[in-house]
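Here are my notes on the model you sent, point by point. They keep to what can be read from the coordinates.

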Amino acid sequence: MAEMWINMGPQHPMTHGLWNMRIKVDGETIVDAEPVIGYLHRGWEKMVEDRNYIQIIPMADRLCYGSSFTWSHVYCMAVEKLMDIEVPERAKYIRAMSDELQRIGNHLMWLAAIGTDLGNLTVFLYATRDRELFLDLFTALTGARMTYNYCRIGGVRNDSPANWVRDLERTLDYFEKRLKEYDMLIDQSKLFRMRMEGLGYMSPKDTINAGITGPVLRAAGVKQDLRHNDPYEIYDELDWHMCTHDGCDTWARYRVRMMEMQESVNIVRECLKKMPKDGPIRVKTPRTAPAGTAMARMEDPRGESLMYVVGDGTGKPYRLSVRSPLFVILSASDKLIKGSKIADVPSILGMLDVCMGETDR
Amino acid sequence: MESNVYSVEQVKDKVAQAFPAVVFNDAKIEPRRLYMAADRSVLFELCKLLKDELGFDHCSLVSGVDYCDKFQTVYHITSYTSNITVEIVVDLPHDEPEVDSVTPLWAGANWHERETYDMFGIIFKGHPNLRRLLLPEDYKFFPMRKDCHEGGR
């Protein structure tokens with residue numbers, strides 16, 4: 001049969017955002033593929049060169065609406081390093097806790113998306129329902145559902161409101177029961193497993209060389225998590241274990257993310273225990289940064305996010321460059337789908353948790 | 001896979017031994033970090049040493065900076081076994097921004113180099129597919145250069 005190129009995107013139910021996966025098919029089998037991005041390019045890195053350091057925090061939120069807290073967090077960490085600022089202990093705990101809540105929220109959004117990808121609307125409804133609880137927690141903490149503008153250079157904007165910790169504990173208790181429900185709904189469903197097991201294989205060596213990080217890397221059995229290997233904030237004081245899986249396939253990626261949600265619940269509980277009960281949550285910071293460079297990185301829900309900031313002594317960054325975890329994962333996505341069938345593409349690419357806002361910037 | 005665990009000092013010594021011209025930034029001392037500046041003629045060999053002998057298996061970021069009198073490419077390279085991140089800065093003349101590509105070593109650098117070419121016009125010699133990535137193919141500018149003010153405030 002003649003081979004032909006098919007555009008899966010930029011408007012396609014599989015893509016979750018504007019991007020284009022060009023695939024070359026021989027019958028139903030994919031023989032070649034090429035990801036095409038840039039449809040959502042906003043010139044973020046050029047825009048921030050015209051804004052002062054504080055104005056960039058809400059812009060960093062908008063790199064990805066699903067995990068906006070982690071993006072403003074990594075930005076603030078980079079600028080703090082540039083200005084040589086030490087963040088108060090309580091703010092570090094609030095940040096780490098928000099990171100983990102954001103991770104759960106983001107993984108739930110991913111779960112909702114793959115639910116529809118794999119043809120089960122129940123998963124979508126369950127996951128969005130539970131995500132709403134975490135968004136309510138964020139609303140009480142920050143005043144917004146998605147783009148929080150909460151992290152500040154030198155701390156966080158405000159302390160948690162009254163009864164927030166009580167609500168948080170109740171939500172975690174409820175959510176743990178729901179995780180078991182997902183287990184019964186998906187993990188023990190033969191249909192789901194048939195659509196995930198053995199697909200999108202990539203060897204650990206190739207995965208590392210391709211620069212893939214985060215849950216996809218840990219699903220290849222590589223013990224690499226920046227919270228553990230390059231700890232920031234207070235992660236080195238916490239006792240938690242890294243979630244890995246040896247499968248290297250789509251099923252392993254699914255399992256790692258589900259395990260991470262449980263682990264995030266544990267981390268938040270431990271933060272609540274060890275957190276100082278009161279104290280400052282923010283320090284005064286200068287408006288200008290000295291000339292120099294700084295780099296900060298953290299474990300985003302999708303992988304390693306890194307910001308490299310160049311200061312020139314003024315109130316605006318001279319250059320702010322962003323490493324988006326998904327940008328690199330997408331660059332290797334053609335290797336993941338080569339050799340599989342067209343119907344497997346949504347399953348394989350859905351497991352990467354695609355977000356175009358941070359990819360195109 | 002490389003399994004030897006090196007300390008920052010050991011990495012520094014090995015690099016200094018093989019490449020005496022590499023300049024280390026001793027003002028910035030941080031745990032698990034090593035800052036250095038290299039000449040573009042030795043960049044590829046330096047990266048090869050880091051990858052093949054010292055176990056630096058992950059390329060985090062390749063980015064460019066336009067300092068008006070020169071370009072700079074910045075490499076953040078991580079070792080998963082030793083948990084060390086190396087930052088290499090390479091100066092390039094403004095009128096001839098060319099540097100060797102590290103994509104043959106780390107496939108993860110592929111799109112970062114393409115993006116840097118897209119935004120700064122820095123040529124990565126030896127890159128397998130150096131085309132525009134985020135901007136249209138027929139775009140006439142390199143927008144992240146400091147002399148490009150298209151629609152700026």
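Which residues of the largest nonpolar core touch the most other members? Point 1 takes this up; please keep in mind throughout that this is a predicted model.

1. The core. The largest nonpolar core has 146 residues, and those touching the most other members are Y75(A), A78(A), V79(A), M307(A) and V309(A). The element that gives the most to this core is helix α4 of chain A, residues 89–117, with 14 residues.

2. Helices α4 and α11 of chain A. How does α4(A) run relative to α11(A), roughly parallel or roughly antiparallel? The axes of α4(A) and α11(A), the latter spanning residues 250–274, come within 9 Å and cross at roughly 155 degrees. Angles over 145 degrees count as roughly antiparallel, so α4(A) and α11(A) are roughly antiparallel to each other. The crossing is left-handed. On the α4(A) side the contact is made by Y93(A), A96(A), M97(A), E100(A), L101(A), R103(A), I104(A), H107(A) and W110(A). α11(A) contributes R257(A), E260(A), M261(A), S264(A), I267(A), V268(A) and C271(A). By class, this contact has ten nonpolar, two polar and four charged residues. As background, an α-helix has 3.6 residues a turn, so residues three or four places apart point the same way.

3. Helices α6 and α11 of chain A. α11(A) also meets α6(A), residues 164–187; their axes come within 11 Å and cross at roughly 155 degrees. α6(A) and α11(A) are therefore roughly antiparallel to each other, and their crossing is left-handed. From α6(A), the residues in the contact are V165(A), L172(A), F175(A), E176(A), L179(A) and Y182(A). They meet M258(A), M261(A), Q262(A), V265(A), V268(A), R269(A) and L272(A) in α11(A). This contact divides into ten nonpolar, one polar and two charged residues. M261(A) and V268(A) of α11(A) are in the contact with α4(A) and in the contact with α6(A).

4. The interface. How many residues of chain B are in contact with chain A? There are 26, and they meet 29 residues of chain A. On the chain B side, β3 (58–66), β4 (70–79) and α3 (110–120) each supply at least two residues. The largest share comes from β3(B), with six residues. The side of chain B that touches chain A is made up of 14 nonpolar, eight polar and four charged residues.

5. Helix α3 of chain B. α3(B) is mostly covered, with eleven of its eleven residues buried. Among them are charged side chains by name, including E113(B), R114(B), E115(B) and D118(B). What covers the buried residues includes α12 (325–331) of chain A, along with β3, β4 and β7 (123–125) of chain B. Just after α3(B), G121(B) takes a positive phi of about 75 degrees.

6. D353(A) is not a glycine, yet has a positive phi of about 60 degrees. D353(A) sits in the loop between α14 (345–350) and α15 (356–360) of chain A, and counts as buried because 28 other C-beta atoms lie within 10 Å. R32(B), also not a glycine, has a positive phi of about 65 degrees. R32(B) is in the loop between β1 (23–24) and β2 (33–38) of chain B; with 15 C-beta neighbours inside 10 Å, R32(B) counts as partly exposed.

7. Two loop residues of chain A. M14(A) is in the loop between β1 (4–8) and β2 (20–26) and is partly exposed, with 16 C-beta neighbours inside 10 Å. Beyond its neighbours within four places in sequence, M14(A) is in contact with M8(A), D117(A), V345(A), P346(A) and L349(A). The C-alpha atoms of M14(A) and A113(A) are 9.4 Å apart, although 99 residues separate the two along the chain. P231(A) lies in the loop between α10 (226–229) and α11 of chain A and is partly exposed, with 18 other C-beta atoms within 10 Å. The C-alpha atoms of P231(A) and P301(A), 70 residues apart along the chain, are separated by 15 Å.

Methods:
Residues numbered from 1 in each chain as written. Chains lettered and ligands numbered in written order. Predicted model: local features only at pLDDT ≥ 70, side-chain atom pairs only at ≥ 80, totals over all residues. Core = buried A, V, L, I, M, F, W, Y, C linked by C-beta atoms within 7 Å. Buried ≥ 20, exposed ≤ 12 C-beta atoms within 10 Å, placed from the backbone. Helix = DSSP H or I, 4+ residues; strand = E, 2+ residues; numbered from the N terminus. Contact = placed C-beta atoms within 7 Å. Axes fitted to C-alpha atoms, helices over the stretch in contact; angles between N-to-C directions. Parallel < 35°, antiparallel > 145°, perpendicular 65-115°, else oblique. Left-handed = near helix turned anticlockwise from the far one by under 90°.
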